Amino acid sequence: MEAAQKYILDNKDRFLNELFELIRIPSVSADSAYNADVARCADLVAKNLIEAGADNVEVCKTEGHPIVYGEKIINPSLPTVLVYGHYDVQPADPIDLWDTPPFEPTIKITEVHPQGAIFARGSCDDKGQMFMHVKAFEAMNKTHSLPCNVKFMIEGEEECGSSNLGPFCRANKERLKADIVLISDTSVIANDCPSIDCGLRGLSYLEVEVTGPNRDLHSGVYGGAVANPINVLAKMIASLHDENNHITIDGFYDNVLELTEEERTALNLAPFSESDYCKDLNIEAVYGEAGYTTIERTGVRPTLDCNGIWGGYIGEGSKTVLPSKAFAKISMRLVPHQTQEEITEKFTHHFMKIAPQGVRVEVRPHHGGNPVVTPTDSKAYKAASDAMEKTYGKKPIPTRGGGSIPIVAMFESDLGLKSVLMGFGLDSDALHSPNEHYGLFNYYKGIETIPYFFENFAQ
Ligand code: BES
Ligand code: MN
Ligand code: MN
């Protein structure tokens with residue numbers, strides 16, 4: 001173990017330069033204009049795995065973007081860790097709001113990251129975090145201190161729904177046999193307050209289309225006498241929350257697992273400063289479901305949000321028009337024991353029901369996934385907790401992640417594998433936003449911690 005840690009220190013600068021190379025490739029999975037870049041990025045991940053010493057490295061073709069696989073089996077009778085991560089990134093838009101180019105990694109010091117942070121799309125989510133595993137593996141392998149078997153499955157479609165990963169896993173059950181899935185794609189509370197997410201919310205994402213008259217109309221000639229799809233859609237969306245910010249969809253909360261008072265108390269023990277939270281976001285107050293704290297609202301309560309809304313005239317100047325159509329994208333975050341299927345069905349039913357006469361409504365489901373809870377009393381959780389305690393000098397607090405990694409529920413249902421979410425980012429690292437960044441402290445802390453996880457888990 002000492003040898004591996006020394007190797008990490010000796011190769012610090014190269015580990016950073018190699019991450020920079022990966023970040024410079026704009027592997028935006030949602031936009032087909034970047035398909036060639038996504039493919040190039042997969043090849044570079046594979047190259048790094050080979051150079052780190054992985055065997056049977058393969059860039060596996062799918063109907064979408066490739067999945068990179070690699071492994072090191074030192075002894076089949078030892079435990080096996082399956083590392084999952086993603087090399088694809090969110091679109092960089094709106095580009096104008098970036099202070100430095102999104103795909104040119106730039107190190108800047110911030111209040112939260114006094115040792116500097118790498119500003120670039122994907123630096124935290126998930127290239128920086130995924131790459132820590134490749135480098136930690138390299139360090140263990142090159143110093144002959146890998147204590148158990150490892151398999152890597154790094155995908156290129158996480159940010160657009162992982163639609164080909166399920167079929168890939170089901171077709172490769174034997175190859176993916178493991179004892180645990182290890183994932184770094186979540187956050188810690190703060191750099192001086194380590195934590196481990198023990199659950200992720202699920203997701204139902206859909207698009208709605210409201211159609212009124214058969215063509216755009218003069219808003220003076222027809223306005224007031226014909227349903228305006230934008231007015232109607234805005235009213236329908238507004239009605240999805242009541243005055244307490246509860247969601248009004250029939251049966252929406254039917255299967256929601258309510259936490260016990262003890263569980264709620266434990267969850268709220270995590271340090272949280274509402275004023276810092278508001279200050280970071282430049283808002284005067286938080287806003288959400290009555291009766292729950294911010295930690296609960298983002299961790300264990302389901303939500304509904306409009307992610308985009310459009311229709312009518314949005315060009316320069318004005319155009320007096322009553323549009324024929326209006327659209328919105330809507331996401332719902334799900335908690336145990338809601339399912340994507342159930343909630344998509346309930347939303348669709350409710351939304352059709354509340355549509356007034358004079359418009360037609362269509363609901364088109366997109367991707368999604370089910371929520372997961374990972375155990376805190378397992379050998380794997382303890383291995384992660386002890387590893388972080390060793391490198392941070394503090395025992396990590398078990399928390400709940402508000403985001404979704406839809407494939408984690410599938411690992412459990414289809415491969416029978418539990419996951420450990422040992423993430424190293426910060427929620428304030430601007431994931432999916434302009435000026436995404438990842439602390440140098442966090443990158444190196446991850447690389448340092450991962451070998452201890454392997455050591456603990458192998459024992
Ligand atoms: N890494 C995130 C999920 C995440 C972030 C979990 C922070 C916990 C804390 C992941 O890449 C992501 O963005 N997932 C998407 C879902 C996907 C289907 C687009 C999400 O949560 O919106
Ligand atoms: Mn991610
Ligand atoms: Mn993401």
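I count a polar contact as a pair of N or O atoms within 3.5 Å. I am working on a predicted model.

**Entry 1**

I began with His86. An N or O atom in the side chain of His86 is 3.2 Å from an oxygen atom of ligand 1, so the pair falls within the 3.5 Å cut-off. I then looked up Asp125, where an N or O atom of the side chain lies 3.0 Å from an oxygen atom of ligand 1. For Asp185 I found a polar side-chain atom 2.8 Å from a nitrogen atom of ligand 1. I also checked the cover over the ligand: taken alone, ligand 1 exposes 520 Å², and the protein buries 90% of that area.

**Entry 1: the shell around ligand 1**

Which residues come nearest to ligand 1? I noted Glu158, Asp185, Arg333, Ser404 and His432, out of 16 residues around the ligand. By class I recorded four nonpolar, seven polar and five charged residues in the shell.

I followed an open sheet of four strands in the order E12-E14-E10-E15, and its pairing is antiparallel. Strand E12 (303-311) and strand E15 (360-369) stand at the edges. Each has a single partner strand, so one side of each is left without a neighbour in the sheet. From one strand to the next I noted an average twist of 20 degrees.

I then looked at one pair in detail. E12 and strand E14 (residues 325-334) pair in the antiparallel sense over eight bridges. Leu304 has Met332 in E14 as its bridge partner.

**Entry 2: the sheet of three strands**

I went on to an open sheet of three strands, ordered E4-E5-E20, with antiparallel pairing. At the edges I found strand E4 (106-108) and strand E20 (437-439). Each of these has a single partner strand, so one side of each lacks a neighbour in the sheet. The twist here averages 30 degrees from one strand to the next.

E4 pairs with strand E5 (residues 117-119) in the antiparallel sense, over three bridges. For Lys108, I noted Ala117 in E5 as the bridge partner.

**Entry 3: backbone details**

I looked up two cis peptide bonds. One runs from Asp125 to Asp126, with omega near 0 degrees. Asp125 also has the side-chain N or O atom at 3.0 Å from an oxygen atom of ligand 1. Asp126 sits in the loop between E5 and helix H4 (127-142).

The other cis bond joins Pro336 to His337, again with omega near 0 degrees. I located His337 in the loop between E14 and helix H10 (340-354).

What is the phi of Ala430? I noted a positive value of about 60 degrees, although Ala430 is not a glycine. Ala430 is found in the loop between strand E19 (425-426) and E20.

How values were computed:
Residues numbered from 1 in each chain as written. Chains lettered and ligands numbered in written order. Predicted model: local features only at pLDDT ≥ 70, side-chain atom pairs only at ≥ 80, totals over all residues. Heavy atoms only, no water. Near = heavy atom within 4 Å. Polar contact = N/O pair within 3.5 Å; in protein donor to acceptor, adjacent residues only side chain to side chain. Areas by Shrake-Rupley, 256 points an atom, 1.4 Å probe, with all protein chains shown as cover. Nonpolar A, V, L, I, M, F, W, Y, C, P; charged D, E, K, R; others polar. Pairing = 2+ DSSP bridges. Helix = DSSP H or I, 4+ residues; strand = E, 2+ residues; numbered from the N terminus. Axes fitted to C-alpha atoms, helices over the stretch in contact; angles between N-to-C directions.
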